[in-house]
Amino acid sequence: MLVHNKIRMEFLELLKRKINGIVRFQNGRLFNADLERECPAVAVYIDEIEFEPITACNNAFNSILNVEVYVKPSMGEDGADEIAQSISDAISNANFNSIDDISLTAYAYLHDEDQAAWVGARLQYSISYSG
């Protein structure tokens with residue numbers, strides 16, 4: 001659904017303006033990336049989408065907006081925390097056209113279990129919007 005791309009793009013544009021030093025910004029999950037060369041990276045994706053019909057052509061949506069940060073292992077969790085805090089600050093101080101409500105609901109650390117090529121963090125936001 002196009003509304004979801006519009007939301008991701010609005011968040012990515014905000015983060016591109018506010019967060020310095022990011023090598024790659026990704027619209028959607030980060031698959032098959034060379035994170036050894038493309039870190040730090042940020043990916044924005046939406047999942048757990050639920051909707052309630054309002055009219056025949058309009059729905060109310062609730063979903064989870066995920067913002068993931070990937071850094072080189074040498075930066076560690078503290079490096080991921082620093083970027084995640086900048087992201088959280090940027091989002092909490094912004095006004096959005098594509099969503100009605102947003103709240104931070106979870107924070108988790110991510111690790112490359114196979115090759116130890118990156119360390120990361122995931123911010124999860126509950127968002128509501130119509131479309």
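This is a predicted model: local features need pLDDT of at least 70, side-chain atom pairs count only at pLDDT 80 or more; totals for chains, interfaces and linings use all residues.
## Aromatic pairs

Phe11 and Phe96 make a stacked pair, at 4.3 Å centre to centre and 15° between the planes. This pair connects distant parts of the chain, since Phe11 lies in helix H1 and Phe96 in the loop between H3 and E4, 85 residues apart.

Tyr107 and Tyr109 form an edge-to-face pair, at 5.5 Å centre to centre and 80° between the planes. Tyr107 counts as partly exposed because its relative accessibility is 35%, and Tyr109 is partly exposed at 37%. Ring pairs also join Phe51, Phe61 and Tyr129 into a cluster.

## Helix H1

Helix H1 covers residues 2-18, helices being DSSP runs of H or I with at least four residues and strands runs of E with at least two, numbered from the N terminus. Its buried residues are Val3, His4, Ile7, Arg8, Glu10, Phe11, Leu12, Leu14 and Leu15. These buried residues pack against strands E1 (24-27), E2 (41-55), E3 (58-71), E4 (101-111) and E5 (119-130), and against helix H3 (76-92), contact meaning heavy atoms within 4.5 Å.

## Basis of the values

Local features need pLDDT of at least 70 and side-chain atom pairs count only at pLDDT 80 or more, whereas totals for chains, interfaces and linings use all residues. Residues are numbered from 1 along each chain as its sequence is written, and side-chain values use heavy atoms, with hydrogens and water left out.

Note on methods:
The expected span of a helix is 1.5 Å times one less than its number of residues. Buried means under 20% relative accessible area, exposed over 50%, partly exposed in between (1.4 Å probe, protein chains only). Rings of Phe, Tyr and Trp (its six-membered ring) pair if their centres lie within 6.5 Å; planes under 30 degrees apart count as stacked, over 60 as edge-to-face and the rest as tilted.
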